[in-house]
Amino acid sequence: MSTNRSDFVLAVEGLTVSFDGFKAVNDLSFYVDEGEIRVIIGPNGAGKTTVLDLICGRTQATFGSIKFRGEELTRMKEHQIVHHGVGRKFQNPSIYDDLSVFENLEISYPRGRSVFGALMFKRDREVIEEVENIAEIIFLQNDLDKPAGLLSHGQKQWLEIGMLLIQKPDLLMLDEPVAGMSVAERKKTAELLNRITQGRSVIVIEHDMQFVEDIAHRVTVMHQGKVLSEGSMERVKNDPKVIEVYLGH
Amino acid sequence: MRQRSNIRFMSRQEVFGYVMLAVILLAIIPLSLDVFRLNLIGKYLTYAFVALGLVLCWGYGGILSLGQGVFFGLGGYCMAMFLKLEASDPESTKIQSTPGIPDFMDWNQITELPWWWEPFRQLPFALSAIVLLPTLFAFIIGVAMFKRRVGGVYFAIITQSIAAIMTILIIGQQGYTGGVNGITDLRTLLGWDIRSDSAKVILYYVCSAALFICLLLSQFIRYKKLGRILVAMRDREDRVRFSGYDVANFKIFVFCLSAMFSAIGGAMFTLQVGFMSPSFVGIVPSIEMVIYCAVGGRLSLLGAVYGTLLVNWAKTIFSETFPELWLFAMGALFIAVVMAFPNGLASLFKRYIEPKLPAWYSGKTMVSKAPIIEKDSSMETAHANALGSEENIGPSKSLAKPETAVTVAPRTDEKLEGGVYVD
């Protein structure tokens, strides 16, 4: 694969991070295409969440580069990375319990992000329509005035996805979006993901294999900080190395 | 769904609360107390500025500063320097070995006014210094701390050390600052005797008015998106950061604002009490001010004022009778507040008194939905947990809950006649 193809949304190359000598991510490279849903799987401690942390700037890389639409992310601050169009959902639903669903979405609306901007921010038609629009996508149109703390676990997960959607990111990163969801909620979430990928790329970390099969275009298997295997779900499932890691011990 | 387009600057309850406070401060207290007691209340109100700043900074932003006395002191000292220079004209200081400089400088064998005292001869300079100097100092602390992600307990300890350092510095530099006695014997403001009874009454009103301006400014911030970001930041800092906000800037802003409020309070203190000393700068007063805020309710702007008045009133009564027991009583009060009602008097008022008030208070309907942040959050989480566990069945339940939309609907017409909304 040529390294500088411009049609990649995200190009991760030689990425390494070491915590006191322990290499949580070790010389990792992978590429995400426009409009692709990429799922990262792997056993516990493989470094999946660390990869997301590195991309969104929460953790500083020791070596390597992360290029998003040709721009280097490793030197940017978290909020600048967000402004460039990368959104990230955390593993546990991370929403503002004391604010209403509407206010949760409104805060994520990409306008008035400076101190002065937040002071002058107006809740105009555009904002309201966008919030209502997103609320409909994430199945919360009837709960806009509810304090977010009162939502069920699954609804909180959707709300956080909605908070990312309203930012209109080009790259969406979801860390275990269906963890703790009921079967019905998982199905709805899979539908939701398939719908929202129009025009953007998504990286998902997930353990639920059924869910992975439902959504993944391509799968990257990580093991001990490295890429073990990559390709379609079918290919990855039959890769002896993957079977070895998952079933071998 | 249209009702969401208008968030009101104040709810009906809040309008009532502000009017009530105005009546108490501007009519009831001045009419019922003699000048001595009125001046005492005026002094308490200067602490309310600090408590108000703490509501924004600590209650909303989640940044606990244990060094607000520093800003209170800086504001107070800036005012005191101006007043002292006016009191030290060559005529009234002619018995000194160097006439025309403040008396304490003369006692410390200083023969020339230090250069940085010089500009404080001008009232406009002194007034701007009162507001800007502490804010600038807070800005420097804020940038140094928040940009490096120092927060929580570490921030509290650092601000406390700054308060300690400040006291030591003021006491140590006796010749320039008046040392442990502070700057005393202040007499006039542009020739107007601030020690007279009439001046005390006027200064009381000035102080109350300034407090109201700060209250309304805080209310404005609370009502804008900025206020909601502060709450969001307190609960989920990372989520705010990964929603594209530079969290440090918001923390610096609210910390600077609280410093500015404290400084205005400090200047009003100097004017009304007639001196400024390091005993209002250090650790103990800084922590006392946190207690005022906690007692009043750290999420309630008005609660901060009532909390300050109440604790200080208790302090006066108590320390007149059992002076040596006061500090213990204060400590016990703080522990009691934190354990029994973490959101202070304001939450007690909301829970026990407000429901008993007549309907005109909360509007025509029973809904009386106060801003969510004003609610007792511990109760709320308990409620949330209870609801969460029974709502695991999934989204089907959410569809069965259309009453949320119904309950808020009556607010629309109420808003139209209320008239106090912006946007």
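**View 1. Helix 13 of chain B and helix 15 of chain B make a right-handed crossing.** A crossing is right-handed if the near helix is turned clockwise from the far one by less than a right angle, and left-handed if anticlockwise. The model is predicted: local features need pLDDT of at least 70 and side-chain atom pairs count only at pLDDT 80 or more, while totals for chains, interfaces and linings use all residues. Residues are numbered from 1 along each chain as its sequence is written, chains are lettered from A and ligands numbered from 1 in the order in which they are written. Helices (DSSP runs of H or I, at least four residues) and strands (runs of E, at least two) are numbered from the N terminus. The two helices pack at about 115°, their axes 8 Å apart. Axes are lines fitted to C-alpha atoms, for helices over the stretch in contact, and angles run from 0 to 180 degrees between N-to-C directions. Helix 13 of chain B and helix 15 of chain B are therefore roughly perpendicular. The cut-offs are under 35 degrees for roughly parallel, over 145 for roughly antiparallel, 65 to 115 for roughly perpendicular, and oblique for the rest. B:Gly303, B:Tyr306 and B:Gly307 of helix 13 meet B:Gly344, B:Leu345 and B:Ala346 of helix 15. Contact requires C-beta atoms, placed from the backbone, within 7 Å. This contact has 3 nonpolar, 3 polar and no charged residues. Nonpolar covers Ala, Val, Leu, Ile, Met, Phe, Trp, Tyr, Cys and Pro; charged covers Asp, Glu, Lys and Arg; the others, Gly among them, count as polar.

**View 2. Helix 2 (residues 35-60) and helix 8 (residues 197-223) of chain B pack at an angle of about 20°.** Their axes are 9 Å apart. That makes helix 2 of chain B roughly parallel to helix 8 of chain B. Helix 2 passes helix 8 in a left-handed crossing. The contact includes B:Gly42, B:Leu45 and B:Phe49 of helix 2, and B:Tyr204, B:Cys207 and B:Leu211 of helix 8. Its residues divide into 15 nonpolar, 5 polar and 2 charged.

**View 3. Helix 3 of chain B and helix 11 (residues 247-273) of chain B cross at roughly 45°.** Their axes come within 7 Å. The two helices are therefore oblique to each other. The crossing is right-handed. Among the residues that meet are B:Phe71, B:Gly75 and B:Met79 of helix 3, with B:Ser262, B:Gly266 and B:Phe269 of helix 11. By class, this contact has 13 nonpolar, 9 polar and no charged residues.

**View 4. Helix 12 (residues 283-296) of chain B should span 20 Å.** That is the figure for its 14 residues at 1.5 Å a residue, and its end C-alpha atoms, 20 Å apart, agree. The expected span is 1.5 Å times one less than the number of residues. In helix 12 of chain B, 11 of the 14 residues are buried, so it is largely enclosed by the rest of the structure. Buried means 20 or more other C-beta atoms within 10 Å of a residue's own; exposed means 12 or fewer, and partly exposed lies in between, with C-beta atoms placed from the backbone. Buried residues of helix 12 include B:Glu288, B:Tyr292 and B:Gly296. The buried residues pack against helix 2, helix 3 (68-87), helix 6 (152-172), helix 13 (301-321), helix 14 (326-340) and helix 15 (344-353) of chain B. B:Gly297 follows the helix, with a positive phi near 115°.

**View 5. B:Gln160 sits in helix 6 of chain B.** B:Gln160 is buried, with 20 other C-beta atoms within 10 Å. Leaving out residues up to four places away in sequence, B:Gln160 touches B:Leu66, B:Gly67, B:Ile283 and B:Ser286. B:Ser300 is 140 residues away along the chain, and its C-alpha atom is 24 Å from that of B:Gln160.

**View 6. B:Leu190 has a positive phi of about 50°, although it is not a glycine.** Most residues other than glycine have a negative phi. B:Leu190 lies in the loop between strand 1 (188-189) and strand 2 (192-193) of chain B. B:Leu190 is exposed, with 8 other C-beta atoms within 10 Å.

**View 7. A:Phe139 has a positive phi near 65° and is not a glycine.** A:Phe139 lies in the loop between helix 5 (125-137) and helix 6 (153-165) of chain A. With 21 C-beta neighbours inside 10 Å, A:Phe139 counts as buried.

**View 8. A:Ala216 lies in the loop between helix 8 (209-215) and strand 9 (218-223) of chain A.** A:Ala216 counts as buried, with 22 C-beta neighbours inside 10 Å. A:Ala216 touches A:Ile37, A:Val39 and A:Met233, not counting residues up to four places away in sequence.

Notes. Two residues are in contact if their C-beta atoms, placed from the backbone, lie within 7 Å.
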